[in-house]
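Subject: Model for your review

Hello,

Here is the structure I said I would pass on. Please open it alongside the notes below.

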Amino acid sequence: MRLKVTVATILIALATGCNIPSPSTTQISRGKALELAQQSAMRHGYNLDKYMLSGFNEEISKEEKEWSFLYQCKPITAPGCHFLVIVDPSTGATRVIPGE
């Protein structure tokens, strides 16, 4: 039964012109992750002219499970004038975490 489902899935993917990505091609680059982070920040109402990208820590986790981009006010002002954008390197999904 499981073999039939797998074969059917592959046939449907081929028939509809879908590519089945290999694991090595599913990770997005830092540049693409940064572009997605910027777009997400703007959709959440942040004016990126008022922020600078911080050079904090590692932008990608040691396990390569997410890209993290920290934006701080420019010039750096009161605490909480920052936000973080997390990008999933496999899907490109983003999360914006506001400063507190």
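Predicted model: local features only at pLDDT ≥ 70, side-chain atom pairs only at ≥ 80, totals over all residues.

Disulfide

A search of the whole structure turns up one disulfide. The bond runs between C73 and C81, with an S to S distance of 1.4 Å. The link of C73 and C81 is left-handed, at -45° about the S-S bond. The two cysteines can be sorted by accessibility. C73 has a relative accessibility of 9%, so it counts as buried, the limit being under 20%. C81, at 24% relative accessible area, is partly exposed.

Strands β3 and β4

β3 covers residues 82–87 and β4 covers residues 94–98; they pair in the antiparallel sense over five bridges. Six residues lie between the two strands of this hairpin. In the turn, G92 has a positive phi of about 80°.

S40 sits in helix α2, which spans residues 30–43. Its relative accessibility is 1%, and S40 therefore counts as buried. What does S40 touch, leaving aside its neighbours within four places in sequence? The contacts are V85, T94 and V96. S40 and V85 are 45 residues apart along the chain, while their C-alpha atoms are separated by 7.8 Å.

Regards

How values were computed. Residues numbered from 1 in each chain as written. Heavy atoms only, no water. Disulfide = S-S within 2.5 Å. Buried < 20%, exposed > 50% of the residue type's maximum accessible area, 1.4 Å probe, protein only. Helix = DSSP H or I, 4+ residues; strand = E, 2+ residues; numbered from the N terminus. Contact = heavy atoms within 4.5 Å. Pairing = 2+ DSSP bridges.
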